[in-house]
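Colleague: I would like to learn how to read side-chain features in a model. Can we go through one together, starting with charged pairs?

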Amino acid sequence: MSTRDRQAHWDNAYQSKGEAGVSWFQARPAISLELIQQCGAAPATRIIDIGGGASRLVDALLEEGMRDIAVLDLSAAAFDAAKARLGEAAASVDWIVADVTEWQPSRTYDIWHDRAAFHFLTATADRDAYIERLHAAVAPGGHAIIATFAEDGPERCSGLPVMRYDPAALAQIIGPSFTLVDQRHHVHTTPWGSTQAFQFSVLNRA
C-alpha cells in the first residue's frame with residue numbers, strides 16, 4: 001500500500017467513524033502513561049507518539065506537565081479531531097503529518113511511544129524503514145515503548161492485515177541497540193465491547 005493510499009485509508013477511518021468509533025479508542029491510555037512514567041518522564045522529557053492520530057495520550061501528557069511533545073501520524077483528519085478537542089493547548093504540540101517509514105527525524109527524543117502502528121507494517125521493507133527511523137530518533141539512554149497485537153490478538157484491524165508479536169520476537173526485530181527492559185500483556189476492550197490482546201514492550205537504547 002502506497003503512502004497516499006495509507007493516508008486516504010486512515011483519513012476515511014477517522015472521518016467516517018469519529019474519534020471514539022475506532023477500535024483502538026481509549027478514554028485514558030493508562031498503561032501507556034504508566035510505562036512513560038517508569039521511563040523517567042519529566043516536564044522537559046522529549047516524547048514522540050508514533051501513529052498517535054486522535055489519541056488522548058497527548059491530553060494526558062499535557063495535563064501531567066510535559067512540555068516537549070510531538071505526535072506523528074499519516075492522517076491530518078485525526079489531527080484535526082485532536083486539535084479541536086485540545087483547543088488552545090494544541091499549539092504547544094508538534095504535529096507531524098508523515099508516514100513513519102518515510103519521515104526524516106530532525107531531532108532526537110527521549111521516549112518513542114507507539115501503540116498499534118508498527119503492527120500494520122507487514123512488508124519487510126516497511127519494517128526496516130521504521131526501525132531505521134527509530135534508531136535515528138531515539139537518543140542514547142532513551143526508551144521505545146512499542147505496543148502491538150499479541151500472539152493471541154487479532155489478525156486484522158480496520159480492514160488491514162497486521163503482524164502479531166511477543167516481546168522477545170519484537171526485541172529481536174528491533175535489533176541489539178535496544179534492550180527489552182519491561183513487558184505487559186493487555187486485553188483492550190473496544191468501544192463496542194469486543195476484546196483485543198496487546199503486548200507492550202519497553203526497550204532501552206544503550
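Modeller: Start with Arg164. Its relative accessible area is 34%, so Arg164 counts as partly exposed. Bear in mind that the model is predicted.

Colleague: Which side chain does Arg164 meet in a salt bridge?

Modeller: The general idea comes first. Side chains of opposite charge can pair when their charged atoms come close. Here Arg164 meets Glu155, at 3.3 Å from N to O. Glu155 is exposed, with a relative accessible area of 54%. Salt bridges can also share partners, and in this way Glu34, Asp182 and Arg184 are joined into one network.

Colleague: How many salt bridges does the count come to?

Modeller: Eight. Take the one between the side chains of Asp110 and Arg46, at 2.7 Å from N to O. Asp110 belongs to strand S4 and Arg46 to strand S1, so this pair ties together parts 64 residues apart in sequence.

Colleague: Are Asp110 and Arg46 buried or partly exposed?

Modeller: Asp110 has a relative accessible area of 23%, so Asp110 is partly exposed. Arg46 is at 25% relative accessibility and counts as partly exposed. The cut-off for buried is under 20%.

Colleague: Which residue forms a salt bridge with Asp68?

Modeller: Arg107 does, with the closest N and O atoms 2.8 Å apart. This pair links distant parts of the chain, 39 residues apart. Asp68 is in strand S2, while Arg107 is in the loop between S3 and S4. Arg107 is partly exposed, at a relative accessible area of 30%.

Colleague: What do the side chains of Thr101 and Asp99 share?

Modeller: They are joined by a polar contact of 2.7 Å. Look further along the chain too. Leaving aside neighbours within four places in sequence, Thr101 is in contact with Arg6, Leu121, Asp126, Ala129 and Arg133.

Colleague: Next, nonpolar cores. Which residues touch the most other members of the largest one?

Modeller: In soluble globular proteins, nonpolar side chains tend to be buried together. In this model the largest nonpolar core has 31 residues. Ile36, Val58, Leu61, Val71, Trp95, Ile145 and Phe200 touch the most other members. H2, H3, strand S2 (68-73), helix H4 (76-86), S3, S5 and S9 each supply at least two residues of this core. Apart from it lies another core of 26 residues, among them Trp103, Leu121, Ile174 and Phe178.

Colleague: What does Leu61 touch?

Modeller: Leu33, Ile36, Ile47, Met66 and Ile69, not counting residues up to four places away in sequence.

Colleague: Which residues of helix H2 are buried?

Modeller: H2 spans residues 30-38, and its buried residues are Ile31, Ser32, Leu33, Leu35 and Ile36. Check the backbone at the end of the helix. Just after H2, Gly40 takes a positive phi of about 85°.

Colleague: Last topic, aromatic rings. How many aromatic pairs are there?

Modeller: The count comes to six. A pair of aromatic rings is described by the distance of the centres and the angle of the planes. The ring centres of Trp112 and Tyr130 are 5.5 Å apart and the planes are at 80°, so this pair is edge-to-face. Trp112 is in strand S4 and Tyr130 in helix H5 (residues 124-137), 18 residues apart. Trp112 and Tyr130 are buried.

Colleague: What about Phe118 and Tyr130: tilted or edge-to-face?

Modeller: Tilted, at 4.7 Å centre to centre with 55° between the planes. Phe118 is in the loop between S4 and H5, twelve residues from Tyr130. Both Phe118 and Tyr130 are buried.

Colleague: Which residues form one aromatic cluster?

Modeller: Trp103, Trp112, Phe118, Tyr130 and Tyr165.

Colleague: Where does the charged end of Arg115 sit?

Modeller: Over the ring of Phe198, 5.0 Å from its centre.

Definitions and conventions
Residues are numbered from 1 along each chain as its sequence is written. This is a predicted model: local features need pLDDT of at least 70, side-chain atom pairs count only at pLDDT 80 or more; totals for chains, interfaces and linings use all residues. Side-chain values use heavy atoms; hydrogens and water are left out. Buried means under 20% relative accessible area, exposed over 50%, partly exposed in between (1.4 Å probe, protein chains only). Helices (H or I, at least four residues) and strands (E, at least two) are DSSP runs, numbered from the N terminus. A polar contact is a pair of N or O atoms within 3.5 Å; within protein, one must be able to donate a hydrogen and the other to accept it, and residues adjacent in sequence count only if both atoms are side-chain atoms. Contact means heavy atoms within 4.5 Å. A nonpolar core is a set of buried Ala, Val, Leu, Ile, Met, Phe, Trp, Tyr and Cys residues joined through side-chain atoms within 4.5 Å. A salt bridge is a side-chain nitrogen of Lys or Arg within 4 Å of a carboxyl oxygen of Asp or Glu. Rings of Phe, Tyr and Trp (its six-membered ring) pair if their centres lie within 6.5 Å; planes under 30 degrees apart count as stacked, over 60 as edge-to-face and the rest as tilted. A charge sits over a ring if NZ of Lys or CZ of Arg is within 6 Å of the ring centre and within 35 degrees of the ring normal.
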